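Please look over the structure below with attention to its ligand site, its chain contacts and its backbone geometry.

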Amino acid sequence: MTRPVKLACRHVWKLYGPHPERLVGKSPSLDEIRASGHVGAVRDVSLNIGEGEIFVIMGLSGSGKSTLVRCLSRLIEPTAGEILYDGEDLLKASPARMIEIRRHHMGMVFQHFALLPHLTVLENVAFPLEVQGMARPAREARAREVIALVGLQGREGHYPRQLSGGQQQRVGIARSLAVEPDLWFLDEPFSALDPLIRREMQEEFLRIQKQLKKTIVFITHDFDEAIRLADHIAIMKDGAVVQVASPEELVLAPADDYVRAFTAHVSRAKVITLGRIAVPGVPADVAGTLPAEARVEAVAEQVVTAGRPFAVEREGAVIGHVTPQAVIDVLIGRGG
Amino acid sequence: MTRMCLARAAATATALVLFGGMALAEVESEDPIKLTLHDWTGQLITTNIMAAVLEEAGYNVELVQADYLAQFAGLETGDLHVAMEIWETTGREAMDAAVAKGGVVNMGETGMLAKEEWWYPLYMKEKCPGLPDWKALNDCAAAFATAETGAKGRYLGGPVTWGGFDEERIAALGLNYEVIHAGTDAAMFAELESAYQRKDPILLWVYAPHWAPQKYEGEWVEFPPYEAACYTDPAWGSNPTATHDCGKPFGPIWKVGWAGLPEKWPGADKAIRAFHIENDAMGAMIAKVDLDGQTVEDVVNEWMDANEATWSAWIAK
Amino acid sequence: MKTWPLIWAGLAVVALVLARAVAVPDGWLWPPQAMHLPLARWISAGMAWLTDSAAIGPVTVKDLTRGFARLIEAPYEAARVLLVEGITEGRGRRATTIVPPLSWVAVTVAAVALGHYARDIWLGLIAGALMLYLAVFGQWDSAMITLASIVIAVPLGVAGGLGLGIAALHWRPFERVLSPVLDLMQTVPTFAYLVPVLVLFGFGPVAALLATVIYAMPPMVRVTLVALRGVPPEIVDFANMAGCTPGQRMRKVMLPVALPDLMVGVNQVIMLSLNMVIIASMIGAGGLGADVLESLRRLNIGGGIEAGLAITALAVVLDRLGQALATRAGGGRGAKGNWLRRHPRTVLVLAVTLISAAAGYLIPAVQDWPKEWTVTTKGFWADLMQWINVNYYDQLEALRNWTLVNLLIPVKDFLLALPWPFVLGTVALAGWALGGWRLAALTGALGLFLAATGLWEQAMITLYLCGVSVLIAMCIGVPLGIWAASGETAGKVIGAVIDTLQTLPSFVYLIPVVMLFRVGDFSAMIAVVLYALVPAVRYTAHGLRSVPEELIEAGIVSGATRGQILRKIRLPMAVPMMLLGLNQTILLALSMLVITALVGTRDLGQEVYIALTKADVGRGLVAGLSVAAIAIIADRLIGAAAKGARERLEGGA
Ligand SMILES: Nc1ncnc2c1ncn2[C@@H]1O[C@H](COP(=O)(O)OP(=O)(O)OP(=O)(O)O)[C@@H](O)[C@H]1O
Ligand SMILES: [Mg+2]
């Protein structure tokens, strides 16, 4: 199940301080950076982000997530490295080319919504299209479509200050989708929302993604959120990427104590898939068939209630079965 | 917003066409002659009369508000063309400097004489019967004294910028007085008005032509009459060791103009040089405006109607 | 930290001894002749070069500035045609009107419509009533002349301020150069650069207009910088992600988002432009300013007050309309239908304009408010003044003498007796205590500049007059501010008085003050106090009001009385804001000095004024720069103190 790479970065550095460019050639260690009075916001990061996947970047506050994502979209000029979008090095793109790429291929959602207070919902959503020079009727029609997609019909004439936080972020999402980007950046889009609304928005997000299948770079510092959404997660610490893996691998095989600390309190049922606990062979009395990607938590009730094993299949082929006992073991955190 | 701009642009365009299309065949140049206006009534009247006369002769005239002394910079460069009242007493220095530089010409006297001198309201004569002779001043210094000046009499001088040599005069004549400078003439006359209302002592610098000597009953102090030698030669006058032992100079009020004016508007030059009006006539007009509340415009129109013979001679070919 | 009070106390004792008991040797009291630099001569020569021979390639600077002036003249003339002159044929007294200017009816209706459009009918009615005031009190013609120059000066000031602000935002070195230039533009008295402006831009209304713009623009530049920097970085990121070009980013995102903050700058530009009306009228702007000056020259106090209040009325109308337009909620799109239906107010105003212009030919009263209908309060004011003068002069005189003898003269003598190295040292030491060696270097250098100008005595007199006035202004202003913050009604009433004081030209009250208190320092002090009072009140009230509600609740919960809450919570929290108010009070007091020169003070203001009347550019600018030096020293010291206070509060919170 390997996807073609949509966005990649190679040895990206972003140092803040008096002479970042002098320092970066030497591939300095964290201590060297600090000793020379610099801040290593992003240190030697290389990533591959596959087409159509949700790639989550995680880390504590100040670990460099925002900086990295802004390097990827070149809102911040990295000190060194390469950013490859469909094989094209963005850092070598001219300003005009960059504007072109952003106008048609990128969208971004912001933690604090970044809505324009002087524009209505409709005008906000249509704004990226207006900037491209699209005529008013066409862009408003398109804006109405995306507003409907995020479920805000009837609010087109409102101003941002007249909306709740969740509604405002829906506008932010609609706006970033208006240009039909194929790369979608979301920088902690739900952090400013209440837990209940956050949950609702996550579902909404998954629903939209199911429909649109964008390549997504999603930032969060909430591990629960990450495992709910991610195909892959990159964990950052002090500007460097510590581990890139699927949620399941992170939990089962954390690269170091830092990652382990992140994953320690996570209920394993949320991340472990049936594929991982399936045992070969298929007993005769199976109650049904379940996909290998399904998470234990999601199917536990079904399996335990049935009281009989289920066959597990991946991409149409049956690879084994799971027993209710194996599911219960995962749920109560026994074995693995 | 755009609508407003368009309307404005259209208005200017129309205005330009209308102004540009005007032809006045009989004058040398249609460019407006710029006369300066200051902030005292007499000057406004003089200038408006001159403007009216020039217009009768067919010239275009523009009246520009300008500072009395700062205007010389504009007269030198030809930004401004005529200043109708430069007083011997206050503007002589600046006028001479500008004429010496070459950009400005003296266009002769206006016919009015500037008088400046120490002045007191008539009721002060009761407290100081020796007046108006200056020798009486010392005897009644106490009558003119205030808390600030102590035993000395208080003399309210003009703004420092007017000069006037009052400190020198006091020293040379041995007067027991102190000069307190007002910052502007408005402040000076405000004090006079205030004191006059209360019939309180006051001794101050008053000049004419002005409405004050018309409004308030009073007299000028009589110092030994001014002569040029008094200001330059210590031997002159009662104090053989000091200059300025005399009164203030009397002097004409001058007209000045841009040096290029005679060449560009010879006719106007002639008319401006011919302009002549006397103190009494001017004093009466100032009183009408400042005391009776008529507008400058009305007073000027009245004068123009009554003196047609006079001014038509100025512009006769 | 504990040592500083001791050091200051010690210095105070030394100062007293120096002033009272010790005879200071020559050259130590005032800077010796040898120190004086011929600054005035240098500046005059530089200016002469600039105006006479400086050239960029084949074009002289003067041609350039003259060309610029002509560029501005076109819209200005158009505004005059519209508001003042109409379209005429011929000039001067032979001119006949072909199309009249907008009638008073049309302008008043337009003001009402604009108010209604911007907010509601009440604003419209207020605007209309103020316009009507202009007509009823016979100020119409002059007010329209003033308005014509304001409607050009304000957009110029705003656009210029925006332009400079944006340039400084994008280009750091420019900001570094601009910042001190703005300081100077704000603190050098206008009189000091009037003559060069006249020479460069020609005599007449345009030069006056430009002087107004120079004076009114600096706050706009500063506000622009702060407002644009204050745009949340996320929004800037969004603009970039949306694919905005730099131009689009500025026009469509940054400026609209920063608009509410920018309006503070616009408000300042309007207010300052109207503050300049009087001075502008001295150099050719005419209008209300000229009316004020002329009235006062004739001691027509009522006339001066009426014309002065007309300036206030214009300021209020422009300011309120501007604020309302900026904050207008977007309800305008509601109306549907053709153009006529969508723009009912525009249609109304156009109709009234045309009808009143036409009707004006038949009924002149529609075009020009008839003279017979005008009202004047001249007699009332004259009688009031006379009544006070005749009945209360002795009491007022006693007050004046008491203040002179017990406050003004001792302070003046004290300051004039201090040796200059001592003053210089104290200033540098204060800089060091409040802001470290950098500030000490700056204040020391500025002090040294004062010593080198040869105007030390005038500078000390300036310090004395300003110091005493600021002290009194704070003593009156802070309690008023506390009172204003204590309740809605008090706040409104005091606010209105403060607004009036700020826009009413000081000339208006200068002459009555002289009538009651004679020329001299006491009258000057009253004028300065009245003008400089405004920020003391405003900032105190603002500081008190913006104390977080939580803190006050905490106080109430712990059983504090109202007085305790004020003393222990509100006032300490408001200290940084009040220090800013003090700072502004000092700057305003300094800016009044040139005006108080007109009642016979002998300070730097008088020096500037003398230089103006002698058209001595160098002398004027040196004196002006000296005022600026004092202002900047005060500004930086208090700024540092305010910063310290804020840090202490935040560190403690
Ligand atoms: N303009 C800057 N100048 C100097 N240091 C900076 C700058 N921007 C970011 N940093 C530093 O870079 C580091 C990474 O910051 P970044 O905003 O990327 O963190 P983050 O992971 O997004 O944190 P959060 O979860 O709080 O948003 C931080 O230590 C921050 O202080
Ligand atoms: Mg972040």
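The report that follows treats a predicted model, beginning with the ligand and then turning to an interface and to the backbone.

## Surroundings of ligand 1

The shell around ligand 1 is made up of A:Tyr16, A:Val39, A:Ala41, A:Leu60, A:Ser61, A:Gly62, A:Ser63, A:Gly64, A:Lys65, A:Ser66, A:Thr67 and A:Glu188. Sorted by class, these residues comprise four nonpolar, six polar and two charged ones. Two elements of chain A, strand E2 (39–50) and helix H3 (65–72), each contribute at least two residues to this shell, and the largest share, three residues, is that of H3(A).

## Polar approaches to the ligand

Oxygen atoms of ligand 1 come within polar reach of both backbone and side-chain atoms of chain A. On the backbone side, a polar atom of A:Ser63 is 3.2 Å from a ligand oxygen, and a backbone N or O atom of A:Gly64 lies 3.0 Å from an oxygen atom of ligand 1. On the side-chain side, an N or O atom of A:Glu188 is 3.0 Å from an oxygen atom of the ligand. Taken alone, ligand 1 exposes 640 Å², and the protein buries 60% of that area.

## Interface of chains B and C

The area buried between them is about 5200 Å², and carbon and sulfur atoms give 60% of it.

Two salt bridges are counted between chain B and chain C; in the one formed by B:Asp79 with C:Arg66, the closest N and O atoms are 2.5 Å apart. Eight residue pairs, with both residues at pLDDT 80 or more, are in polar contact between these chains.

## Backbone geometry

Chain B contains a cis peptide bond from B:Leu131 to B:Pro132, with omega near 10 degrees, and B:Pro132 is placed in the loop between helix H5 (124–127) and strand E5 (153–157) of chain B. A cis peptide bond also joins B:Ala208 and B:Pro209, where omega is about 5 degrees; B:Pro209 belongs to the loop between strand E7 (204–208) and helix H8 (212–215) of chain B.

In chain A, the residue A:Asp86 has a phi near 50 degrees, a positive value in a residue other than glycine, and A:Asp86 lies in the loop between strand E4 (80–85) and strand E5 (88–89) of chain A.

How values were computed
Residues are numbered from 1 along each chain as its sequence is written. Chains are lettered from A and ligands numbered from 1 in the order in which they are written. This is a predicted model: local features need pLDDT of at least 70, side-chain atom pairs count only at pLDDT 80 or more; totals for chains, interfaces and linings use all residues. Side-chain values use heavy atoms; hydrogens and water are left out. A residue is near a molecule or strand if one of its heavy atoms lies within 4 Å of it. A polar contact is a pair of N or O atoms within 3.5 Å; within protein, one must be able to donate a hydrogen and the other to accept it, and residues adjacent in sequence count only if both atoms are side-chain atoms. Accessible areas come from the Shrake-Rupley method with a 1.4 Å probe; for residues, only the protein chains shown count as cover. Helices (H or I, at least four residues) and strands (E, at least two) are DSSP runs, numbered from the N terminus. Ala, Val, Leu, Ile, Met, Phe, Trp, Tyr, Cys and Pro count as nonpolar, Asp, Glu, Lys and Arg as charged, and the others, Gly among them, as polar. Buried area is the accessible area (1.4 Å probe) that two parts lose on being put together, summed over both. A salt bridge is a side-chain nitrogen of Lys or Arg within 4 Å of a carboxyl oxygen of Asp or Glu.
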